[in-house]
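The sequence and model come first, and my notes follow.

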Amino acid sequence: MIIHILITIFFFFILMYLSVNLLGLFVRGLFPQQELNRIKKEAPEFITIAGSDKKYINQQKRTTIIALILNIAFFYLLFRIWNIGVVIVVLIIMAGRLPDLLWDIKHGKRTDPKLMKHNALFYVSAFLPWFAFPVLYYSLYLF
């Protein structure tokens, strides 16, 4: 029993790392203009290179397509190797991370819980990864 919990904790952190990074790669590509504006503020010399902003947006589109393919492949592999419960866990983790990621993109800096609105969405997104852990245990050992 203890070994199962330790394996679940280890696997949970691996899933958390992979799912959050794949989601971030995909979602950041959906908002290339906000990223470009942030780069313009931080490095104005970037814009002086002719056409670099258009090249950046085209590169972001390709990255978004690749990230979408990687996400689909990730879901498919999780389903084929384990079961639908593990895929649901990854979706729960991604849903919990999405509001923070959108806040990061909108404000151009890392999430600061002190600056975020503490509404129902804030508390739900904070609770979802904790809810994913027992679902993962159930999916791995009882499903």
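This is a predicted model: local features need pLDDT of at least 70, side-chain atom pairs count only at pLDDT 80 or more; totals for chains, interfaces and linings use all residues.

**Helix H1 and its length**

I began with H1, whose 29 residues should span 42 Å at 1.5 Å a residue, and I found its end C-alpha atoms 42 Å apart, which agrees. The expected span I used is 1.5 Å times one less than the number of residues in the helix. Helices here are DSSP runs of H or I with at least four residues, strands are runs of E with at least two, and both are numbered from the N terminus.

Residues are numbered from 1 along each chain as its sequence is written, and side-chain values use heavy atoms, with hydrogens and water left out.

**The whole chain**

I then looked up the secondary structure, which comes to 6 helices and 0 strands, and along the sequence I read the pattern α-α-α-α-α-α. Of the 143 residues in the protein, 34% are buried, where buried means under 20% relative accessible area, exposed means over 50%, and partly exposed lies in between (1.4 Å probe, protein chains only). The accessible surface comes to about 9500 Å², and 71% of it belongs to carbon and sulfur atoms; these areas come from the Shrake-Rupley method with a 1.4 Å probe, and for residues only the protein chains shown count as cover. I also looked up contacts, meaning heavy atoms within 4.5 Å: among those with a separation of 6 or more, 72% join residues 24 or more positions apart.

**Two sides of H1**

Which residues of H1 are buried? I listed Thr-8, Phe-11, Phe-12, Leu-15, Ser-19, Leu-22, Leu-23, Gly-24, Val-27 and Gly-29. Phe-13, which lies in H1 (residues 2-30), counts as exposed because its relative accessibility is 54%. Phe-13 also belongs to a nonpolar surface patch with Met-1, Ile-2, Ile-3, Ile-5, Leu-6, Ile-7 and Ile-9, and together these residues have about 800 Å² of accessible area. Such patches are made of residues with over 30% relative accessible area and no salt bridge, with like charges joined within 9 Å and nonpolar side chains (Val, Leu, Ile, Met, Phe, Trp, Tyr) within 5 Å. A salt bridge is a side-chain nitrogen of Lys or Arg within 4 Å of a carboxyl oxygen of Asp or Glu.

**The core**

I next turned to the largest nonpolar core, which has 21 residues, and those with the most contacts inside it are Leu-15, Leu-78, Val-89 and Leu-136. H1, H4 (52-81), H5 (84-107) and H6 each supply at least two residues of this core, and H5 gives the most, with 9 residues. A nonpolar core is a set of buried Ala, Val, Leu, Ile, Met, Phe, Trp, Tyr and Cys residues joined through side-chain atoms within 4.5 Å. Leaving aside neighbours within four places in sequence, I found Leu-15 in contact with Phe-74, Leu-78, Val-86, Val-89, Val-90, Ile-93 and Leu-136.

Is Asn-71 buried or exposed? Asn-71, in H4, counts as buried because its relative accessibility is 7%. The C-alpha atoms of Asn-71 and Leu-22 are separated by 6.4 Å, although the two are 49 residues apart along the chain. Beyond its neighbours within four places in sequence, Asn-71 is in contact with Leu-22, Leu-23, Phe-26 and Met-94. Thr-64, also found in H4, is buried with a relative accessible area of 9%, and beyond residues up to four places away in sequence Thr-64 touches Phe-26, Gly-29 and Leu-30. Arg-62 of H4 is exposed, at a relative accessible area of 53%.

My last entry pairs Gly-85, placed in H5, with Ser-139, which lies in H6 (residues 120-142). Gly-85 is buried at 7% relative accessible area, and Ser-139 is buried at 5%. Gly-85 and Leu-136 are 6.9 Å apart, C-alpha to C-alpha, and 51 residues apart in sequence.
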